[in-house]
Amino acid sequence: MKPFLAERENQIYRNGADSHIMHCSKPSLAGSVSQRACVFCGSRVVLYPIADALHLIHGPIGCAAYTWDIRGALSSGPELHRLSFSTDLHEKDVIFGGENKLYDSLSELIERYQPSAAFVYSTCIVGVIGDDLEAVCKKVGYEKKISVIPVQSPGFNGSKKDGYKIACEALEKLIGTGYKEIPPVSINILGDFNIAGELWLLVEYYKRMGIYVNATITGDGRVADIRNAHKAALNVVQCSGSMMYLAKIMKEKYGIPFMRVSYFGLEDMSDALYEVANFFKMKSLMEAGKEIVREEFQRIMPVINEYKIKLQGKKAAVYVGGSFKAISLIKALRLIGVQTVVVGSQTGTTEDYELIRQLCDEGTIIVDDSNPIELSTFVKEKQADIFIGGVKERPIAYKLGLGFCDHNHERKEALAGYEGMLNFAREIYATAMSPVWQFTK
């Protein structure tokens with residue numbers, strides 16, 4: 001009996017044995033119990049880290065509870081984003097409509113917290129009963145003299161990836177409304193969410209090179225910086241699944257070029273510095289970037305090599321949201337002597353999976369939009385020693401008696417940048433080599 005539904009056959013690839021093109025970017029198959037989240041969740045995780053904005057969820061209290069503090073997104077200032085507000089719709093509101101409740105809630109919250117802007121999210125029930133979210137937001141925005149942005153995100157209207165697009169459309173309404181002048185050698189960082197403070201490490205690297213970071217969208221985000229994002233010379237996109245759509249909008253609307261980078265692993269982190277320096281075609285930037293890379297490699301590689309000796313022969317399974325992150329993880333694991341035997345993502349493209357195929361060893365199982373039964377079967381078949389994933393993959397790993405590395409957006413330890421690579425190697429070693437696993441076999 002096959003461990004996957006027949007209709008999903010073209011979304012699973014055994015490297016060296018199969019020759020078909022990976023089918024991806026398609027709706028999850030009914031009955032597969034996909035690991036993907038809903039549209040509402042996708043929009044929420046992108047916009048949530050804007051720390052000085054009000055985030056109000058128009059829907060039942062469960063939607064707000066599900067996404068409360070959904071990212072480990074740290075702020076260097078205000079923390080309004082960490083408060084979870086909901087209109088708490090009940091049966092009566094479903095029958096008679098929730099617009100009055102939304103108007104009252106929104107008005108009261110803006111009066112009390114004085115946010116720089118407000119995002120109002122629609123949920124499944126709002127999509128069913130037909131509340132006019134835009135009209136209420138427009139009315140309150142006019143009365144309170146503040147940008148109130150509707151986020152039309154009923155959960156049933158697609159998948160998490162569709163929520164990313166809706167979030168980008170909401171951000172577009174802010175971008176271009178600021179007028180602060182900035183230095184010519186400037187970038188926006190798109191798609192890093194400052195999980196466990198990682199963004200601060202990245203900003204410091206670019207600052208040491210002489211590059212001004214204008215807006216961070218959305219990690220440690222501020223409404224004023226996002227308004228002014230159209231003034232930057234370059235958009236640097238870390239999470240392409242969530243932010244590539246916005247980067248393309250900004251290129252078309254404001255002529256800002258963009259490049260896709262990754263900050264995970266030594267190789268990709270270094271390339272992210274070199275590629276930005278190369279864009280500006282300034283020798284001083286490139287020399288500064290090389291100096292940073294030289295210093296960090298001298299500091300980190302002796303430790304990495306120690307872990308590599310001890311981890312030889314260990315095998316890892318990787319299942320994450322974005323395929324670009326999966327690519328970086330394959331490289332990072334190879335650096336510490338760990339072979340990737342299963343790899344997949346929720347939002348990968350055909351091109352991304354082709355690159356993954358080239359990076360992986362023969363026999364590696366590559367999977368798109370997987371589910372618990374598939375993942376469990378593949379991990380056992382390949383005899384992985386450690387599972388790297390998110391909050392929904394953790395129970396799979398523990399039930400199978402495997403070590404687990406949390407690469408989710410709720411984690412509390414930085415895994416990006418050079419310091420993040422050290423943390424990653426340390427966590428993989430401590431988890432894979434723990435003596436506790438001898439009792440699970």
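**A sheet and its helices: notes for a first look**

1. Strand β10 (residues 315-320) and strand β13 (residues 386-389) run in the parallel sense, paired over 3 bridges. Here, two strands pair if DSSP finds at least two bridges between them; strands (E, at least two residues) and helices (H or I, at least four) are DSSP runs, numbered from the N terminus.

2. Before going on, keep in mind that this is a predicted model, where local features need pLDDT of at least 70, side-chain atom pairs count only at pLDDT 80 or more, and totals for chains, interfaces and linings use all residues. Residues are numbered from 1 along each chain as its sequence is written, and side-chain values use heavy atoms, with hydrogens and water left out.

3. Now the whole sheet: it is open, has 6 strands in the order β1-β12-β11-β10-β13-β14, and its pairing is mixed. At the edges sit β1 (12-14) and β14 (403-406), each pairing on one side only. On average, neighbouring strands are turned by 15 degrees against each other, direction ignored. Axes are lines fitted to C-alpha atoms, for helices over the stretch in contact, and angles run from 0 to 180 degrees between N-to-C directions.

4. Which strands does helix α14 (residues 350-359) touch as it packs on the sheet? They are β1, β11 (339-345) and β12 (365-368), and the direction of α14 makes about 165 degrees with that of β12. Contact means heavy atoms within 4.5 Å. Helix α17 (residues 417-432) lies across β13 and β14, at about 160 degrees to β14.

5. On to helix pairs. The axes of α4 (residues 99-113) and α6 (residues 133-144) come within 10 Å and cross at roughly 30 degrees. That makes α4 roughly parallel to α6 (angles under 35 degrees count as roughly parallel, over 145 as roughly antiparallel, 65 to 115 as roughly perpendicular and the rest as oblique). Among the residues that meet are Leu102, Leu106 and Ile110 in α4 and Val136 and Val140 in α6. By class, this contact has 7 nonpolar, 1 polar and 5 charged residues (Ala, Val, Leu, Ile, Met, Phe, Trp, Tyr, Cys and Pro count as nonpolar, Asp, Glu, Lys and Arg as charged, and the others, Gly among them, as polar).

6. Helices α7 (residues 160-172) and α10 (residues 240-254) pack at about 35 degrees, their axes 8 Å apart. Their contact includes Tyr164 and Cys168 of α7, with Met243 and Leu246 of α10. The residues of this contact divide into 7 nonpolar, 2 polar and 4 charged.
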